[in-house]
Every structure is written in C-alpha cells, then in structure tokens.
Amino acid sequence: MELHIVCIPGDGIGPEIVAEAKKVLEKVAEKYGHKLDMKDVLMGGASIDAYGVPLTDETVAAAKAADAVLMGSIGGDPNTSPWYQLPPDRRPEAGLLGIRKALNLFANLRPAYLYPELAAACPLKEEISRAGFDMLIMRELTGGLYFGERRTVTENGVRRAVDTLTYDENEIRRIAVKGFEIARKRRGKVSSVDKANVLDSSRLWRAVVNEVAKDYPDVKLEHVLVDNCAMQLVKDPAQFDVILTENMFGDILSDEASMVTGSIGMLSSASLNDTKFGLYEPSHGSAPDIAGKDAANPIATVLSAAMMLRYSFDLDAEADAVEEAVRQVLKDGYRTGDIMSKGCTLVGCRQMGDLLAERI
Ligand code: NAD
C-alpha cells in the first residue's frame with residue numbers, strides 16, 4: 001500500500017519527536033511491504049519565521065492532498081518567544097485552529113491507557129489503578145458552546161454575558177457514527193455522555209445517538225450524565241471503552257482522563273473528518289524547556305502514528321505492532337526522563353526511537 005503522509009514537525013521538541021515517529025513508520029513500511037511517501041511542511045512558529053504567518057495556503061493544500069497528517073507540536077514559551085508579541089490571529093496556535101477548520105476535523109480522539117509498568121505514575125488509589133484502564137474519549141470538535149453566538153452587554157449598568165450551545169442532528173449523527181465505528185475496532189462499548197436531564201441540546205444528542213445505535217446492534221450503548229462520568233473516571237475508569245461526547249464536556253473529560261494516566265509524554269491523539277483523513281499529534285505541547293536536548297519522550301507521537309495506521313489506513317496489524325513495541329520497550333525497562341523510575345535505564349529521544357524501531 002502507498003501511504004501519502006504530510007509531516008508538520010512544528011516547534012520546540014516537535015522536530016525531534018516527529019523524526020522518531022518517522023523512524024518507526026519506516027521500519028513498519030519495510031517489514032510489511034508498504035511504500036511511504038512523507039513530505040515535511042511548516043506550521044506554527046517555524047512558519048512565522050519563514051513566511052510571516054503561522055499557516056500558509058501551501059501547507060493547507062499539501063495536507064489536503066495527503067492521506068493523513070502527522071504533527072509534532074507547535075508554539076514557544078509565551079513569556080519569552082517573540083511569536084507572542086504578534087496579534088492573536090498571527091500567533092503559532094492560530095495555525096492549529098486554522099488547519100483544523102480548513103480540513104473540517106470534527107472528531108477528536110484521545111486514548112487514555114494505563115501501562116502496568118507506569119502504574120506508579122497514576123494518581124488514583126492502588127486498588128483502582130490495579131485494574132488498569134484503556135479508554136478513548138471521542139469529542140465533537142467543531143460545534144457546541146465554543147462555536148455558538150456569544151456577546152457581553154451592559155443593561156441598566158449591569159454587565160451580562162451570553163454564550164449559546166447549538167447542535168443540529170447532522171453534527172451529532174456524524175460524530176456518533178465515528179464513535180460506533182471506532183468502538184467496533186475496540187471492545188464494542190459506547191458510553192454517550194450528556195446532560196439530558198437539563199439541556200435541550202443533550203436531549204437531541206441522546207435521541208440521535210439512540211437512532212445511530214440501531215445500525216450497530218453489536219455495540220453496547222449506555223448513556224451517562226456528564227457529572228456522573230467525571231466521578232466514574234476516578235472511581236472506576238476500567239468500565240469505559242469509547243466515551244462519546246460534545247465539545248465542552250469532551251474538553252474537560254479528556255483532560256481528566258489523560259491526567260489519571262499520569263504520563264503526558266505517552267498520550268496520543270487524532271482529529272478526523274468524515275473521510276478516512278486524519279491529523280495525528282501527541283496531546284502534549286512543544287515543551288520549549290527541553291527542546292534540542294534529546295530529552296523528549298517520542299512515545300506519544302509514535303502512538304499517534306499507530307492511530308494513523310489504524311484509522312486512516314485500516315492497517316490494524318501494523319498499528320498493533322507499533323503499540324506492542326511500546327509495551328515491550330517499557331517492559332524491558334527503558335525510560336525517557338519524564339517517565340523515569342528507580343531501577344530503569346534512562347534513554348534520550350533518539351535512542352527511544354531506535355529501541356522502538358528495533359522491536360517492530
Ligand atoms: P507542554 O505540554 O509543552 O509541557 C508541559 C510539561 O510537560 C513541560 O515540563 C514539558 O517539558 C513536559 N513535556 C511535554 N511533552 C513532553 C514529552 N514528550 N517528553 C517529556 N516531557 C514533556 O505544555 P506547555 O509548557 O503549557 O506549552 C508549551 C507550548 O506548547 C506553548 O506554546 C503551548 O501553546 C504549546 N502547545 C501546543 C499544543 C499543540 O501543538 N497541539 C498543545 C498544547 C500546548
């Protein structure tokens with residue numbers, strides 16, 4: 001198979017972690033007989049330095065022409081980087097919002113998986129973390145409260161602010177379909193999260209999710225109120241497989257789910273549109289404090305590449321091989337600084353990439 005991938009190394013540790021993910025992809029291609037066509041383009045601070053803007057039409061066109069985009073991370077230290085002297089729409093993060101919009105990426109996927117070898121980093125009680133967990137938060141990314149009409153007015157000397165939460169049934173249906181499709185590739189359970197006891201938008205959400213569920217009789221569906229879900233994530237995270245939810249609930253719950261793993265350098269993510277196309281990136285930022293020191297953990301980016309193999313290319317065996325290589329490296333006791341613990345062997349970003357590629 002030919003894999004056309006556009007890479008956006010980005011800023012800070014971005015180029016270092018993307019280089020290691022490419023190394024692993026090259027090994028996958030060699031072992032499984034695929035042809036890799038990878039092209040680098042600029043975005044974020046690197047694009048500001050080269051072209052004066054965080055996202056160019058050329059970068060958008062290159063991404064649109066590819067099957068998938070693999071991204072490092074963008075941005076610098078907001079306190080010291082000159083990029084943050086620019087107006088907000090010319091700063092690095094504007095590039096990220098711009099490309100998500102240009103590519104119509106409405107579904108954001110963030111897995112939260114507790115590796116037994118890293119269980120000590122999990123902030124939950126040992127009797128809860130012992131059970132482990134392996135969930136995926138599927139968040140609607142282009143609708144809801146963050147995109148509704150908003151205004152602040154002063155009436156009779158009193159300031160009043162209004163935000164609106166709007167969803168139409170088509171927006172709900174397309175994300176629900178993605179959620180059920182992905183549950184089929186996992187353990188076959190969807191927990192749809194809403195606030196249907198209060199919000200009309202949630203009542204519509206629940207009704208449409210129930211309609212979509214009829215096409216997936218092999219997937220188990222449950223509805224969970226968002227406040228209960230926030231509690232269950234710390235009480236019994238093992239119960240969840242796919243959590244399907246709207247934009248703001250997903251923003252909050254995905255951060256909660258990632259924090260209970262305790263290891264930011266391990267967390268991958270994907271943003272998908274209604275084709276097989278996706279943008280894959282680690283959940284963490286550009287870590288300017290450790291950039292250029294060969295100290296970054298490339299695993300989140302490598303796992304994002306595994307998601308790309310699974311969701312954009314349907315290469316499940318190849319994705320499994322990458323995930324298994326990560327498990328094996330951890331089992332063999334190799335750690336980057338962010339996940340280091342007593343008795344393990346400290347390695348840099350490059351060596352971690354080599355160790356992962358060796359295990360494919
Ligand atoms: P951050 O995630 O970059 O860093 C937080 C802490 O985690 C730092 O101590 C960092 O060294 C560490 N860390 C992060 N990733 C690591 C890795 N792979 N290996 C080892 N340690 C790692 O968050 P921040 O400091 O708040 O943000 C830095 C910059 O990143 C900002 O400009 C921010 O806007 C940007 N950012 C970009 C994205 C993105 O590109 N999607 C996401 C979040 C933040």
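Helix H4 (92-102) gives the lining of the largest pocket its largest share, five residues. This is a predicted model, with local features needing pLDDT of at least 70 and side-chain atom pairs counting only at pLDDT 80 or more, while totals for chains, interfaces and linings use all residues. Residues are numbered from 1 along each chain as its sequence is written, and side-chain values use heavy atoms, with hydrogens and water left out.

**Largest pocket**
- A pocket here is an open set of points on a 1 Å grid over the protein atoms alone, where a 1.4 Å probe fits and protein lies on both sides within 12 Å along at least five of seven lines; lining residues have an atom within 4 Å of a point.
- This one holds about 780 Å³ of space, a volume being the space filled by probe spheres set on points joined across faces, edges and corners.
- Of its 26 lining residues, Leu96, Leu97, Arg100, Arg139 and Leu141 sit closest to the centre.
- Besides H4, strands E3 (68-73), E4 (107-113) and E12 (278-282) and helix H9 (247-261) each supply at least two lining residues; helices (H or I, at least four residues) and strands (E, at least two) are DSSP runs numbered from the N terminus.
- The lining splits into nine nonpolar, nine polar and eight charged residues, where Ala, Val, Leu, Ile, Met, Phe, Trp, Tyr, Cys and Pro count as nonpolar, Asp, Glu, Lys and Arg as charged, and the others, Gly among them, as polar.

**Second largest pocket**
- About 410 Å³ of space lies in this one, and of the 18 residues lining it, Pro111, Tyr113, Asp134, Arg186 and Glu323 are closest to its centre.
- H10 (299-311) provides the largest share of this lining, four residues.
- By class, the lining has 10 nonpolar, one polar and seven charged residues.
- Domain 1 (1-107 + 265-360) and domain 2 (123-260) both contribute to the lining, so the second largest pocket lies between them; the bounds come from an automatic or database domain assignment.

**Ligand**
- Around the ligand there are 20 residues, with Gly76, Glu93, Gly285, Ala287 and Asn297 coming nearest; to be near, a residue needs a heavy atom within 4 Å.
- For polar contacts (pairs of N or O atoms within 3.5 Å), a ligand oxygen is 2.5 Å from a polar backbone atom of Gly76.
- Another entry pairs a ligand oxygen with an N or O atom in the Tyr84 side chain at 3.1 Å.
- A ligand nitrogen lies 2.9 Å from a backbone N or O atom of Asn297.
- Taken alone the ligand exposes 810 Å², and the protein buries 69% of that (Shrake-Rupley areas with a 1.4 Å probe).

Conventions: Polar contact = N/O pair within 3.5 Å; in protein donor to acceptor, adjacent residues only side chain to side chain.
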